[in-house]
Amino acid sequence: MNTLATVYDPKAVEDKWYKYWEEHDLFKSTPDEREPYTIVIPPPNVTGVLHMGHMLNETIQDILVRRARMEGKNALWVPGTDHASIATEAKVVNRLAQQGIKKTDLTRDEFLKHAWDWTHEHGGIILQQLRKVGASCDWSRTSFTMDEVRSESVLKVFVDLYNKGLIYRGVRMVNWDPKALTALSDEEVVYKEEHSKLFYLRYKIVGEDGYAIVATTRPETIMGDTAMCINPNDPKNQHLRGKKVIVPLVGREIPVIEDEYVDIEFGTGCLKVTPAHDPNDYMLGEKYGLQSIDIFNDNGTLSEAAGMYVGMDRFDVRKQIEKDLEAAGLLEKVEAYENKVGYSERTSVAIEPKLSMQWFLKMTDLVKPALKAVMDDDIKFHPAKFKNTYRHWMTDTKDWCISRQLWWGHRIPAYFLPQGGYVVAESIEQAVEMAREKTGNAALTAADLRQDEDCLDTWFSSWLWPISLFDGINNPGNEEMKYYYPTTDLVTGPDIIFFWVARMIIAGYEYIGEMPFKNVYFTGIVRDKLGRKMSKSLGNSPDPLELIDRFGADGVRMGLMLAAPAGNDILYDDALCEQGRNFNNKIWNAFRLVKGWEVADIEQPEHSRLAVAWFQSVLDSTLAEVKDLFSKFRLSEALMAVYRLFWEEFSAWYLETIKPAYQQPIDRKTLEATMGFFDSLLRMLHPFMPFITEELWQNISDRKDGESIMYARMPEAGEPNAELLKAVAEAKEIVTGVRNVRKSKNIPNKETLSLQVVGEFANPCKSIIAKLAGLEAIDSVETKDATAASFLVGTTEFAVPLGSSINVEEEIAKLEAELKYTQGFLASVEKKLSNERFVNNAPEAVVAGERKKQADAQSKIATIQEALKALKK
């Protein structure tokens with residue numbers, strides 16, 4: 001007790017025990033004879049710092065891995081970070097700009113030196129912060145998606161997929177980010193509803209006086225128009241068939257083509273076709289052999305090919321061209337219009353559909369085993385509702401654009417030859433050999449080859465994460481792959497179900513021939529109490545480290561988990577963390593209470609014997625419930641079950657029952673049982689609240705250096721005594737009834753009372769009732785005392801004789817008031833029942849309910865009158 005402070009101080013406890021765990025390598029795992037349990041961290045960006053989403057995700061992973069350790073499994077949680085191509089490059093470019101340096105002023109190698117400096121400076125911040133949360137990762141295994149092993153794996157996979165004919169290079173329509181100057185995959189585009197305009201433009205019909213009217217949201221792209229398209233089934237535009245029209249302002253003649261793709265109902269039914277700047281127009285251009293005119297520079301300004309507005313930003317052009325069309329009499333009208341606009345997820349600028357030479361991965365065949373695995377529940381999703389989202393993404397999947405126009409990332413291992421063509425190789429040395437063989441020129445050197453400037457999409461490295469962490473690409477079938485793979489559980493957000501989850505499953509089946517994990521637990525989004533997603537711009541996202549400083553890591557972990565059912569959003573409120581902190585204090589105070597009792601070799605009281613037997617049954621029952629909930633990934637409910645067990649059953653009932661009288665000792669048998677229960681409770685709580693449980697477990701008895709609760713086995717559930725559980729449940733109701741009588745009659749707790757049971761009473765827990773209710777006797781009677789206050793438990797009536805414990809005049813006044821109210825109530829019920837229309841027409845159940853009210857009121861009136869009669873004697 002000398003080592004336990006009066007008040008729980010998380011700061012004093014948390015740093016101490018995390019240091020202890022690390023010093024003794026307690027998170028470390030190597031293959032052995034035990035059953036493995038493996039989790040790989042969803043690698044946070046090297047640019048990142050801990051936010052509430054991380055806090056939730058890492059807490060869930062830590063709960064799962066700590067419980068697995070306590071179940072005797074060889075638990076491994078592998079940490080690491082992601083190089084995050086676009087995000088990191090943007091950070092580095094911004095920092096250079098603050099120093100007056102442009103990326104374009106640097107060579108690739110010079111820029112990469114700055115990027116590595118940034119990574120070394122910032123890359124480890126979030127991993128250090130995770131230690132504050134209590135994350136029990138094997139830090140000796142920390143990996144990075146651009147470290148040597150992971151980089152070799154990525155290049156090897158690229159070359160393999162290329163050699164299989166699954167990777168190809170070609171000009172395709174892509175989502176272009178004009179700020180990051182790179183292509184994006186469809187999944188990196190976020191669509192937002194916008195208030196915009198619908199412009200109706202006049203295209204003069206060649207050889208006629210009339211105009212064809214075209215509705216468009218993007219008049220700034222007319223310089224790229226190479227056709228107009230109508231639906232052949234549209235009666236209102238039949239006069240345009242076979243004609244040509246003139247692009248307004250531009251003056252270029254373009255043909256009118258016909259395709260059923262055109263929506264007759266949209267606008268006027270005439271569609272301008274700009275193959276270089278719209279995915280659907282690109283499709284029409286391919287189908288009808290139309291020219292593609294790319295009018296945009298990579299940065300979103302107008303190019304020389306536009307012929308007009310050259311060098312102006314696309315959105316400035318939109319404003320100017322509206323004025324110019326109006327002045328030329330070529331703008332029919334402008335309407336307000338709501339439409340969805342695609343934005344870059346990373347830079348938040350509007351994306352530009354653009355024709356671009358890119359590298360693609362064919363997905364059609366790769367997705368098949370990955371789709372089947374989830375649909376057949378070989379890989380289980382929790383909650384299962386996300387299977388539908390997964391099926392949606394994995395059906396009719398487009399080829400994956402895997403190239404990015406960036407310098408930070410895995411450079412594409414393709415090498416262009418002096419006379420045209422290219423080779424794909426894992427290294428420059430291999431590339432030179434292949435180039436000599438392909439060209440027949442034995443004199444070729446590395447200096448003659450030019451490596452592709454582009455990098456691979458960040459996800460092209462992280463899709464290998466569960467494999468590459470165990471070096472399964474470079475060294476297939478190695479000891480660690482055979483032991484740790486497939487991993488056990490993956491914890492992630494549903495927003496990256498296709499970005500990452502699906503692609504890891506694809507890679508698992510393509511390269512290992514089996515799943516990468518057995519279960520996927522999808523967390524919800526942490527929102528504020530108004531339901532808004534937390535964000536920096538709204539200023540509604542608390543700093544997790546500040547919360548830990550205020551409430552302690554265990555308090556924050558518990559607060560989040562109490563409100564975090566799988567797959568459902570979490571409405572965060574500081575009150576949750578306060579609840580967590582209060583629970584920490586409850587545990588601390590309960591432990592100090594028990595440790596503060598003096599012990600003596602005296603006989604165990606009957607109430608304590610019964611309480612010990614009862615709590616063992618409650619413990620067994622809850623252990624079985626929690627095990628079942630964990631098997632279903634219902635972690636929030638599991639925590640609530642343990643919370644109720646400790647707060648209600650253990651603290652409020654068990655400890656109150658066995659607590660010795662003031663300044664009296666407790667018997668040794670009860671104390672030993674109680675410390676055993678405390679040990680079990682701490683083990684059950686440890687995965688959720690690792691710090692306080694370690695501190696108290698170390699104080700239960702002397703421990704060897706290096707011992708930790710995290711390796712103490714989770715208690716196994718025994719068979720509960722159902723009869724005893726039922727008996728104590730009834731006893732608790734009786735105690736509550738007596739306490740309510742005390743409260744309503746203002747009788748102090750120190751004043752002993754007697755309890756009458758009307759009829760037979762066979763509950764074996766009379767000693768518990770007497771102890772907790774402050775009773776000197778429990779008697780079975782045929783007729784209760786006339787002055788008694790009574791209550792029902794089930795169908796049995798209990799009565800507390802009040803005698804001199806009450807003020808007679810006050811009690812008479814109270815009873816008379818209650819009698820008057822009840823008589824009035826009865827009169828209203830009887831009036832309703834005397835109404836024949838009500839009795840004959842109302843549903844039978846409703847009439848029966850009124851008759852029961854009548855009978856209850858009559859019984860209550862009789863009881864009150866009897867009590868008044870006794871008091872007035």
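This is a predicted model: local features need pLDDT of at least 70, side-chain atom pairs count only at pLDDT 80 or more; totals for chains, interfaces and linings use all residues.

At 39% relative accessibility, Lys-333 falls in the partly exposed class.

**Salt bridges**

- Lys-333 pairs with Glu-335 in a salt bridge whose closest N and O atoms are 3.1 Å apart.
- Glu-335 is likewise partly exposed, because its relative accessibility is 30%, a value between the limits of 20% for buried and 50% for exposed.
- The structure as a whole contains 57 salt bridges.
- A network of salt bridges links Arg-218, Glu-220, Arg-314, Arg-318 and Glu-352.
- As a general principle, side chains of opposite charge can pair when their charged atoms come close.

**Helix α27 and its surroundings**

- Helix α27 spans residues 844-871 and comprises 28 residues.
- From the first C-alpha to the last, α27 reaches 41 Å, close to the 40 Å expected at 1.5 Å a residue.
- The buried positions of α27 are Val-847, Glu-850, Gln-854, Ala-857, Ile-861, Ile-864, Ala-867, Leu-868, Ala-870 and Leu-871.
- These buried residues of α27 pack against α25 (808-833) and α26 (836-841).
- Between Lys-860 and Glu-818 there is a salt bridge, with the closest N and O atoms 3.3 Å apart.
- Because Lys-860 belongs to helix α27 and Glu-818 to helix α25, this pair ties together parts that are 42 residues apart in sequence.
- Both partners are partly exposed: Lys-860 has a relative accessibility of 39%, and Glu-818 has one of 31%.
- An α-helix has 3.6 residues a turn, so residues three or four places apart point the same way.
- Asp-856 counts as partly exposed at 41% relative accessibility, whereas Lys-852 counts as exposed at 52%.

**Nonpolar cores**

- The largest nonpolar core consists of 189 residues, and Leu-361 and Phe-460 have the most contacts inside it.
- Helix α20 (residues 635-658) supplies the largest share of this core, with 13 residues.
- Another core, of 27 residues, lies apart from the largest one and has Phe-199, Val-256, Ile-295 and Tyr-309 among its members.
- Leaving aside residues up to four places away in sequence, Phe-460 touches Val-154, Val-157, Phe-158, Leu-161, Ile-167, Leu-361, Trp-400 and Ile-402.
- In soluble globular proteins, nonpolar side chains tend to be buried together.

**A buried arginine**

- Arg-66 is located in helix α2 (residues 52-70).
- With a relative accessible area of 0%, Arg-66 is buried.
- A polar atom of the Arg-66 side chain lies 2.8 Å from the backbone oxygen of Gly-134.
- The side chains of Arg-66 and His-686 are joined by a polar contact of 3.0 Å.
- Residues touched by Arg-66, not counting those up to four places away in sequence, are Trp-21, Phe-27, Gly-134, Ser-136, His-686, Pro-687, Pro-690 and Met-710.

**Strand pairing around β11**

- Strand β11 (residues 253-258) pairs with strand β9 (residues 227-230) in the parallel sense, over 3 bridges.
- In this pairing, Ile-230 stands opposite Glu-258 of β11.
- Strand β10 (residues 244-246) runs antiparallel to β11 and is joined to it by 3 bridges.
- Opposite Ile-246 stands Glu-253 of β11.
- The hairpin of β10 and β11 has 6 residues between the strands, and Leu-249 in this hairpin adopts a positive phi near 70°.

- Strand β18 (residues 414-416) and β20 are antiparallel and are joined by 2 bridges.
- Phe-416 has Arg-450 in β20 as its bridge partner.

Conventions. Residues are numbered from 1 along each chain as its sequence is written. Side-chain values use heavy atoms; hydrogens and water are left out. Helices (H or I, at least four residues) and strands (E, at least two) are DSSP runs, numbered from the N terminus. The expected span of a helix is 1.5 Å times one less than its number of residues. Buried means under 20% relative accessible area, exposed over 50%, partly exposed in between (1.4 Å probe, protein chains only). Contact means heavy atoms within 4.5 Å. A nonpolar core is a set of buried Ala, Val, Leu, Ile, Met, Phe, Trp, Tyr and Cys residues joined through side-chain atoms within 4.5 Å. A salt bridge is a side-chain nitrogen of Lys or Arg within 4 Å of a carboxyl oxygen of Asp or Glu. Two strands pair if DSSP finds at least two bridges between them. A polar contact is a pair of N or O atoms within 3.5 Å; within protein, one must be able to donate a hydrogen and the other to accept it, and residues adjacent in sequence count only if both atoms are side-chain atoms.
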